[in-house]
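Please open the structure in your viewer and keep the selection tool at hand. The stops below are to be followed in order.

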Amino acid sequence: SVYDSKELGSVAVAQRIAQLIRKKATQEKPFVLGLATGATPLGVYAELVRLHKEEGLSFENVVTFNLDEYLPMAPADKNSYVRFMHENLFDHIDIKSENVHIPDGTIGEEEVVDFCREYEAKIASLGGLDLQILGIGRSGHIGFNEPGSGLYSLTRRVKLDAITIKDAAKDFGGVANVPHEAITMGISTILNAKRVVLMAWGESKAPIVKKAIEDEITDLIPATYLQYHSNVRFVLDNDAATEL
Ligand code: GLP
């Protein structure tokens, strides 16, 4: 779907999430929500906070899993995804802290494999992700699944692409300060979600959005793997849709 502005697109995505949360609240099971970071989902989080404060939307029955985190990364660092999520969403809603999951950027070499396996196991134990929201990197990554990521990849430690490091440099005060690695959910983890919503705003995303939707499925553009999913929605503003 294409919206006239990122604000309108963001509100639509947030309303959809709210609708799914409210529906699930009538059942016994929690709503399992996969979350993303970066500038793209900020409007969705702002609208979810508004819906909580003004319309009584409760997150008591919501369990979240974030896509990724830099490695190494301390939670208190200004660039950590832990901090990002708390500042932009968790600190303003009624989610239980034990229901929040973000890959641990402080994990040591020896524990990282077990950590990733447990992350997958927790998602699976809840019956999988009900909805995963995504942004897209200019390298074509989703989460931190960079070019070369396999279709069957799961949560794991990865190396960041040069374009990704360059795009992150402004936040870190230079390329040299950007971590070279990350922990990310895999392509398979994402494709196992019942619903996927990928958002992209602005003309800088137009070329990669076109490739993600129209190119043949290839590991060189990990977002093309979404074409395999039977319930995926691309939510774009006019600028991101110009090359379609
Ligand atoms: C980071 C995140 C991705 C995100 C991408 C795009 O690399 N790990 O999940 O989609 O940035 O960022 P932005 O939304 O700021 O354009």
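Begin by selecting Asp130, which touches Leu20, Lys24, Phe31, Val32, Leu33, Lys194 and Arg195, leaving aside residues up to four places away in sequence. Two residues are in contact if their C-beta atoms, placed from the backbone, lie within 7 Å. The model is a predicted one: local features need pLDDT of at least 70 and side-chain atom pairs count only at pLDDT 80 or more, while totals for chains, interfaces and linings use all residues. Residues are numbered from 1 along each chain as its sequence is written.

Asp130 lies in the loop between helix H4 (112-125) and strand S6 (131-134). Helices (H or I, at least four residues) and strands (E, at least two) are DSSP runs, numbered from the N terminus. Is Asp130 buried or exposed? Asp130 is buried, because 22 other C-beta atoms lie within 10 Å. The cut-offs are 20 or more such atoms within 10 Å for buried, 12 or fewer for exposed, and partly exposed in between, with C-beta atoms placed from the backbone. Now select Arg195 as well: its C-alpha atom is separated from that of Asp130 by 6.2 Å, although the two are 65 residues apart along the chain.

Next, select strand S6. Leu131 and Ile133 point one way from S6, Gln132 and Leu134 point the other way, and all are buried. In a regular strand the side chains alternate between the two faces of the sheet.

The bridge partner of Leu134 in S9 is Leu198.

From strand S9 (195-200), move to helix H7, whose buried residues pack against S9 and strand S10 (232-237). In H7 (residues 206-214), select Ile208, Val209 and Ala212, which are buried. They are on the same side of H7 because they cover an arc of only 105° around the axis, the arc being that of the directions from the helix axis to the C-beta atoms.

Finally, select S4, S8 and S7. These three strands form an open sheet in the order S4-S8-S7, with antiparallel pairing. Strand S4 (68-71) and strand S7 (156-159) are the edge strands, each pairing on one side only. Four bridges join S7 to strand S8 (residues 181-184), and Lys159 has Glu181 in S8 as its bridge partner.

Note on methods. Pairing = 2+ DSSP bridges.
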